[in-house]
Amino acid sequence: MHPFSMARGNCVNVALITLWLISGVIHCQTCNPESTLCKKRDILKLEDRISGELESLRSDVKHDISQLIDELEKINTIGDKPSVSAEKVNKDIICDRQSKTLKCSEKKSTITILNGDYGRKDTQTCAKPGANPSYYADTSCSSKKKTLMYLKSMCDGKQACFVDIVTFNRNVGDPCPNIDKYVDVQWICKVVANEECFSKPMECPNGFERHYDSCYHYAHGDKKVSWFEANDNCKGMKSHLLAIESPAEMEFIKSKHRIALWTGGNILSGGRKFKWAEGGCYKAREVGYSNWSPNGPQPDNHLGKESCLMIWDQHFRWADFDCNNKLSYVCEINL
Ligand SMILES: [Ca+2]
Ligand SMILES: [Ca+2]
């Protein structure tokens, strides 16, 4: 071969390789597919393509997630709007020596107490012209927890609820004697799904005795039963096992009975916070007012198997007790 032609062939090869290195766009057919250079170039191109596709996937996923968030926000907004308008928060002030009926005018809706306080927060509310200013002097008088507990037990789940300050004071106690107080209550009307609870009786059914807004059935003549059987029996009468929710109710029960009794209190759903059992139109709720016996002291969950609340000692105070024990019981219907 002519030396010049060999030199020219090498020049062409060098030019091709240089061109590939610079541009990286020359297709594999222009070089030997089996060569290392060609293979490396193909791998580089593949890596490029994969990273491009990954980037595009990432941005698609980001877009989808942001769309999803938008959709969720829309759903939340849609869910909120009707409930806010349907459940307008009512605010009432009931001055000392006065009374008021909280009432849900819309059919099929009942009261849910949101907040309440009994005391005095300023010098103006319920102030009477010419009255001694010392009656309004204490503006940090408050009894929130007891007030809320009492109002909830009186009004929750009812279409109307009469709040009388004299009865109120007797049950909640006086947070600041010699100060002219008022009840400040916030509540809503909630639409209730259970139709049966709108036709709640105005009077107690046969076999039940009325006391204020509740009806009581005393199962003393019946044989003594476990808590579970007592609970079922009350539910069968569209009532709930006794829920003692105020000192006044405790006094009433005490005046009627001097025997050990099952109440609806239990921790059968777990935890150590006792709840009153549901039944009829009464929904399960946490025990607020309590009257635990100091003997023990109770509740002591003796041997780790006491999950039900009984009335037991000579002062008619409460204890936790094995639910399988057999006792008399009282069923209750809230009117
Ligand atoms: Ca009760
Ligand atoms: Ca006990």
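In which handedness of crossing does H3 pass H4? H3 passes H4 in a right-handed crossing; a crossing is right-handed if the near helix is turned clockwise from the far one by less than a right angle, and left-handed if anticlockwise.

Before going further, a word on what you are looking at. This is a predicted model, in which local features need pLDDT of at least 70 and side-chain atom pairs count only at pLDDT 80 or more, while totals for chains, interfaces and linings use all residues. Residues are numbered from 1 along each chain as its sequence is written, and chains are lettered from A and ligands numbered from 1 in the order in which they are written.

**The overall picture**

The protein has 6 helices and 14 strands. Both are DSSP runs numbered from the N terminus, with helices (H or I) of at least four residues and strands (E) of at least two. Of the 335 residues in the protein, 27% are buried. Here, buried is a label for residues with 20 or more other C-beta atoms within 10 Å of their own, exposed for 12 or fewer, and partly exposed for values in between, with C-beta atoms placed from the backbone. Among contacts with a separation of 6 or more, 69% join residues 24 or more positions apart. Two residues are in contact if their C-beta atoms, placed from the backbone, lie within 7 Å.

**A three-stranded sheet**

Let us turn to one open sheet, whose 3 strands run in the order S1-S5-S3 with antiparallel pairing. Its edge strands are S1 (90-95) and S3 (109-119), each of which pairs on one side only. On average, neighbouring strands of this sheet are turned by 25° against each other, direction ignored. Strands pair if DSSP finds at least two bridges between them, and the table gives the two pairings.

| Strands | Sense | Bridges |
|---|---|---|
| S3 and S5 (residues 182-191) | antiparallel | 10 bridges |
| S1 and S5 | antiparallel | 6 bridges |

You can find some of the partners by eye. Threonine 112 stands opposite isoleucine 188 in S5, and glycine 119 has tyrosine 182 in S5 as its bridge partner. Aspartate 92 is bridged to valine 185 in S5.

Axes are lines fitted to C-alpha atoms, for helices over the stretch in contact, and angles run from 0 to 180 degrees between N-to-C directions.

The axes of H3 and helix H4 (residues 165-172) come within 10 Å and cross at roughly 120°. H3 and H4 are therefore oblique to each other; angles under 35 degrees count as roughly parallel, over 145 as roughly antiparallel, 65 to 115 as roughly perpendicular and the rest as oblique.

Where they touch, Lys146, Thr147 and Tyr150 in H3 meet Phe168, Asn171 and Val172 in H4. Asparagine 169 is also placed in helix H4. Asparagine 169 counts as partly exposed because 17 C-beta neighbours lie inside 10 Å. Its C-alpha atom is separated by 9.6 Å from that of threonine 147, 22 residues apart along the chain.

**A buried loop residue**

Glutamine 159 lies in the loop between H3 and strand S4 (160-164). Why is glutamine 159 buried? Glutamine 159 is buried because 20 other C-beta atoms lie within 10 Å. Leaving aside neighbours within four places in sequence, glutamine 159 is in contact with Lys103, Cys104 and Thr110. The C-alpha atoms of glutamine 159 and threonine 110 are separated by 4.5 Å, though 49 residues apart along the chain.
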